[in-house]
Amino acid sequence: MDVSVKSQKKQKQGFMDKIEKLGNKLPHPVLMFIYIAAFVLVLSAILGSLGVVAKTPLGDFPINNLLGQKPIEVLKVGATGTEVAERYSNGLSYVIGTAIANFMNMYAIGTILIIMLAIGLMEQSGYLTMAMKSIVQATPMKLVTPVVIFLGVMSNMASDAGYVVLIPLAALMYYTLGRNPIAGLAAGFAGVSGGFSANLFVSSTDALLLPFTQAAAETGDAMAGTQLASTLSVTSNWFFMMASTFLIILIGTIVVDKYIEPRLGKYNRAEAEVEPEHEITPAEKNAYKFTNKIMLILFALIILTALPIDKNNTIPLVGDLSTTVELWGKDAQGNPALVAPDGFLNSIFFKGDMVIMIMFVIFAVSGLVYGFKSGKFKKSADIVPAMVRAMADMAPIIVILFFVAQFINYFNDSHLGVLVASLGAKLVQQIPEGSMFMSIVLMVAFIFLTAFVNLFMGGASSKWGLLAPIFVPMLMVAGFTPAGVQLIYRIGDSSTNVISPLMSYLGVIVVFGQKYKKDFGVGNLISTMMPIAMAFLIGWTLFAIVWALTGLPIGPKTAFFI
């Protein structure tokens with residue numbers, strides 16, 4: 001029996017080793033995205049010349065020839081249909097004219113640079129090292145992985161900040177503990193990306209998907225004879241996603257601790273490009289305690305501005321931004337207008353930029369206070385080199401993201417992403433409707449379709465904008481609520497994030513890994529994350545099936561089935 005088990009383990013490890021070797025034969029991420037972008041351009045030229053059209057309920061999406069001489073129109077998916085977003089005189093003018101805009105409009109750029117400025121202060125001041133050591137000392141060895149995955153899941157409230165904050169910190173935590181930092185990177189990546197939809201609280205994803213679900217549910221109501229579109233809200237998936245948080249932690253911990261880390265083997269600390277540890281001085285201990293007190297005061301001020309407790313704007317010093325800030329919206333006639341948020345969940349504190357800037361303030365203040373208190377920073381001029389060094393470390397990431405931006409825009413603006421998604425949707429439509437068994441089959445098929453499409457089309461909201469008009473009405477007729485359809489979409493969309501070549505941060509994660517393993521490449525990352533992706537996909541799907549069969553609510557007054 002032991003021989004058989006060992007044989008099975010060797011076969012599994014051999015399979016993953018083959019994936020790793022195959023993946024490592026891939027070129028450098030920069031070159032890889034250059035080649036893929038070139039392939040997309042050529043494919044768009046071929047299919048565009050043949051007149052291929054992606055037909056969807058939202059309208060027809062002709063494949064744009066991005067190398068041709070004919071005018072092209074870039075169609076964008078909106079909550080109520082499609083519209084022409086951009087026009088170009090020919091393909092060449094598109095390729096040349098959009099290169100800079102593609103890069104500068106990439107949200108990840110601003111997020112990374114802003115956060116890394118503050119992290120640079122934390123790291124160079126020494127506060128980051130002190131904080132990590134404190135967390136390590138306070139966290140039992142067996143709980144490190146679940147704590148990292150939990151923090152990764154919860155970081156999704158801060159939009160994409162988890163990618164550039166938690167993942168490198170997780171690798172550093174494992175390194176500090178004497179464990180393999182690549183396993184820490186995998187645990188952080190699993191929580192941030194694989195568990196993207198899960199959370200204990202309502203997240204930005206709930207708000208992003210809601211308009212598309214409501215618009216599609218109106219059609220579904222007409223087809224199914226229901227009135228469910230008006231009942232949808234940002235909390236429609238809340239109960240299920242809260243429970244999913246613990247599921248992701250459990251599955252991720254088992255895979256990382258029992259499979260990934262043993263497979264990685266004993267780590268050679270000589271490979272790490274990190275500063276050597278030093279003995280903590282009394283001055284550093286006192287500076288750390290003082291900084292934490294300042295941070296408690298800062299957190300209290302942030303809470304006072306965030307919680308909707310001040311109806312008359314009488315909180316001293318800070319005010320109540322959650323209810324008094326004005327945001328741009330539309331009036332009854334659809335014209336741009338300044339409007340106050342109609343609820344706390346719609347306030348500025350649930351906007352990605354606000355969360356990023358709050359994190360920037362927290363990180364920067366902690367670094368500055370600790371730096372001056374400990375003596376690391378002698379004068380204000382010492383602050384600048386700390387931030388400059390952080391920006392220097394970002395150079396490889398910026399180079400990668402430039403070409404990632406070109407590839408993603410070529411793929412989307414050529415409408416190839418729409419074509420892939422629409423073909424997959426037609427396959428699922430062939431499954432017959434009817435019994436509970438067939439409903440479960442539809443659920444599983446849709447989850448796996450979404451997981452597959454996620455490999456070829458990035459952006460949770462853009463994919464849902466395309467798939468919702470197809471699947472929400474279809475599955476509502478089959479007996480699903482629109483909230484239930486949205487939920488199973490989120491399962492598939494999250495599970496394969498960690499192995500998707502369209503993941504915007506794929507190259508970024510590789511760079512983080514190279515800090516601890518110089519030859520760490522795309523193949524290493526994909527082979528490391530593949531077991532997590534498959535475990536999440538299968539485990540989360542089974543969890544959804546059990547939840548649906550028991551009839552438990554997935555959110556307040558919301559169930560899987562009508």
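Partly exposed means a relative accessible area between the 20% under which a residue is buried and the 50% over which a residue is exposed. The legends below use these words for a predicted model.

**Figure 1. Leu31 and Ile400, two residues from separate parts of the sequence.** Leu31 belongs to helix α2, which covers residues 29-49. The relative accessible area of Leu31 is 38%, so Leu31 counts as partly exposed. Ile400 is among the buried residues of α16. In sequence, 369 residues separate Leu31 from Ile400, while their C-alpha atoms are 8.9 Å apart in space. For the protein as a whole, 75% of the contacts with a separation of 6 or more are between residues 24 or more positions apart.

**Figure 2. Helix α16 and the aromatic pair Phe407 and Phe411.** At 1.5 Å a residue, the 19 residues of α16 should span 27 Å, and this agrees with the 27 Å between its end C-alpha atoms. The buried residues of this helix include Ile397, Leu401, Val404, Ile408 and Tyr410, and also Gln406 and Asp413. A search of the whole structure gives 20 aromatic pairs. One of them joins Phe407 and Phe411, with ring centres 6.0 Å apart and planes at 40 degrees, a tilted arrangement. Both residues lie in α16 (residues 395-413), four residues apart, or about one turn of the helix. Phe407 and Phe411 are both buried.

**Figure 3. The aromatic pair Phe446 and Trp464.** The rings of Phe446 and Trp464 also form a tilted pair, at 6.5 Å centre to centre and with 40 degrees between the planes. Phe446 is in helix α18 (residues 436-453) and Trp464 is in helix α19 (residues 460-477), 18 residues apart, and the pair links distant parts of the chain. Phe446 and Trp464 are both buried.

**Figure 4. Met443 in the largest nonpolar core.** This core has 156 residues, among which Met443, Trp464 and Phe560 touch the most other members. Helix α22 (residues 522-550) supplies the largest share of the core, 13 residues. Apart from neighbours within four places in sequence, Met443 is in contact with Phe480, Ile488, Ala544, Ile545, Ala548 and Phe560. Phe480 and Phe560 also belong to one aromatic cluster, together with Phe240, Phe543, Trp547 and Phe561. In soluble globular proteins, nonpolar side chains tend to be buried together.

**Figure 5. Two charged ends over aromatic rings.** The charged end of Arg269 sits over the ring of Tyr175, at 4.0 Å from the ring centre. For Lys373, the charged end sits over the ring of Phe290, 4.8 Å from its centre.

Figure 6. His415 is not a glycine, yet its phi is positive, about 75 degrees. His415 is found in the loop between α16 and α17 (416-428). The relative accessible area of His415 is 0%, and this residue is therefore buried. Lys557, also not a glycine, has a positive phi of about 60 degrees. Lys557 is placed in the segment after α22. With 90% relative accessibility, Lys557 counts as exposed.

**Figure 7. The whole protein, for reference.** The protein has 22 helices and six strands. Of its 562 residues, 53% are buried. The accessible surface comes to about 25,500 Å², and carbon and sulfur atoms hold 66% of this area.

Conventions
Residues numbered from 1 in each chain as written. Predicted model: local features only at pLDDT ≥ 70, side-chain atom pairs only at ≥ 80, totals over all residues. Heavy atoms only, no water. Phe/Tyr/Trp six-rings, centres within 6.5 Å; stacked < 30°, edge-to-face > 60°. Buried < 20%, exposed > 50% of the residue type's maximum accessible area, 1.4 Å probe, protein only. Lys NZ or Arg CZ within 6 Å of the ring centre and 35° of its normal. Core = buried A, V, L, I, M, F, W, Y, C linked by side-chain atoms within 4.5 Å. Contact = heavy atoms within 4.5 Å. Expected span 1.5 Å × (residues − 1). Areas by Shrake-Rupley, 256 points an atom, 1.4 Å probe, with all protein chains shown as cover.
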